[in-house]
Amino acid sequence: MKQIPNVIQPKTVFYLICLVILSGSLLGMMDDGQNDAPASSRLELLHADYSRGTMQNGRPLKILEGNVYARQDTLQLWCQRAVYNEQEKNIMLTGRVKLVRGSDTLTAIQVTYYEETKLAVAVGNVEVRRPGRFLQTDHLEYYYGSDKIRARGHLKLDDQENFVHITAGAGEYLPDEKRTYVEDHAHLWQIDSTATDTLNIFSRRMDYFFGEERLAIAIDSVRIIQGLLHARCDSAVYDLDTEIAYLEKEPYAVQENNEMFGKQMALILKDMELEQIRISGGARAVSVVDSAREKENRLEGREIIMYISNRKLRELKAISNARSTYYLKEKKEDKGVNVASADTIKAFFEKNELDSIAVIGGSQGTFYPEDYKGPIAQE
């Protein structure tokens, strides 16, 4: 009986040729585009339906099509079409592009992957998914050697565990610092678990820390909106764990008809609902009574605390060198104006209307009846 020799099938030959062409030693891990780590493994082509070679501008290219699958170390790459540049050692992936490393998945319309630096440049509907986190952008540079990410164009970050969402024009993920910074119309919003209250922070730039301390630091032209509260300042720090936002550099806030001024301000929330506003350093709280007659209630002191319940002002308390001017009403009728100074002054409100005043410690005051026509002196 005649022995039949072993025959290698044409498709098997194709895969062997592709492996030889695409396999090569890499220079190593990269850090921000720099190559200073030990050498890593080769890029391996594990599957493709079709392959052909061509020349472009004097450079040999290999074109791979149909269910392309490649791998380097723990990074896996999938696409429908790939163009491999043998001289520059990069591969351009298009058509359902997906890069996976562990629980991290990158998808985009197009990705150019540089073997020697382990850099992936992704464009078009770019998404990066990790457990509890999600990123969207137009253009992204992913340094797989250092895990750094740079993004620009319609950037959106979701921290699903903390119900935090961030949008901006550009940003960078810095894993060594456990920090992400974004800039160009940065906007952070946090929604409570019942989706009834939302905290919005706007600024030119924002740093978001996700380590042991979870902080959002907003810088330049900061605006904060939460329910009926609107505030602005030059810089602010929001502590996600304590739910306190610290406003610096001449902060200003409005809660319904009450304007607040000072050198520093703290917005204290509980379960995403505003409970207190603390103002320190030349603290003032002003509310307009009658704009046409230039009547306004005023409370001043070293520190002022505003207590809020069910989104309504309940109490204002001025501490140390407290001074107040309040226009009194009874059943919506004007009853005159009370001017006082003391160690502590408390103003109590009912349905956002002044109900009563308590003057405590070293107090002085003057009551002016409604028909009084002379000047009103400040204590």
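Modeller: Ala, Val, Leu, Ile, Met, Phe, Trp, Tyr, Cys and Pro count as nonpolar, Asp, Glu, Lys and Arg as charged, and the others, Gly among them, as polar. What you have above is a predicted model, in which local features need pLDDT of at least 70 and side-chain atom pairs count only at pLDDT 80 or more, whereas totals for chains, interfaces and linings use all residues. Residues are numbered from 1 along each chain as its sequence is written, and side-chain values use heavy atoms, with hydrogens and water left out.

Colleague: How many helices and strands are there in the protein chain?

Modeller: Helices (H or I, at least four residues) and strands (E, at least two) are DSSP runs, numbered from the N terminus. By that reading the protein chain has one helix and 26 strands. Contact means heavy atoms within 4.5 Å, and of the contacts in the chain with a separation of 6 or more, 37% come from residues 24 or more positions apart.

Colleague: How many of the residues count as buried?

Modeller: A residue is buried under 20% relative accessible area, exposed over 50%, and partly exposed in between (1.4 Å probe, protein chains only). Of the 379 residues of the protein chain, 45% count as buried. In soluble globular proteins, nonpolar side chains tend to be buried together. A nonpolar core is a set of buried Ala, Val, Leu, Ile, Met, Phe, Trp, Tyr and Cys residues joined through side-chain atoms within 4.5 Å; the largest one here has 80 residues, and Leu99, Leu106, Leu267, Ile277 and Leu316 have the most contacts inside it. Leu267 touches, beyond the residues up to four places away in sequence, Ile224, Leu229, Glu243, Ile244, Ala245, Leu247, Leu274, Gln276 and Ile277.

Colleague: Which strand gives the most to the lining of the largest pocket?

Modeller: The largest pocket has a volume of about 580 Å³, and of the 23 residues that line it, Tyr327, Lys329, Asn352, Glu353 and Leu354 are the closest to its centre. At least two lining residues each come from strand 21 (273–290), strand 23 (312–330), strand 24 (333–350) and strand 25 (353–360), and strand 23 gives the most, with five residues. The lining of this pocket divides into seven nonpolar, six polar and ten charged residues.

Colleague: Where is Glu243 found, and is it buried or exposed?

Modeller: Glu243 is found in the loop between strand 16 (229–239) and strand 17 (244–248), and Glu243 is buried, with a relative accessible area of 15%. Most residues other than glycine have a negative phi, and most peptide bonds are trans. Phi of Glu243, however, is positive, near 60°. Phi of Lys178 is also positive, near 50°; Lys178 sits in the loop between strand 12 and strand 13 (179–191) and is partly exposed at 45%.

Colleague: How many disulfides does a search of the whole structure find?

Modeller: A disulfide is a pair of cysteine sulfur atoms within 2.5 Å, and the search finds zero. Cys79 counts as buried at 3% relative accessibility, and Cys233 counts as buried at 9%.

Key:
On a 1 Å grid over the protein atoms alone, a cavity is a set of points where a 1.4 Å probe fits but cannot get out, and a pocket is an open set with protein on both sides within 12 Å along at least five of seven lines; lining residues have an atom within 4 Å of a point. Grid points are joined across faces, edges and corners, and a volume is the space filled by probe spheres set on the points.
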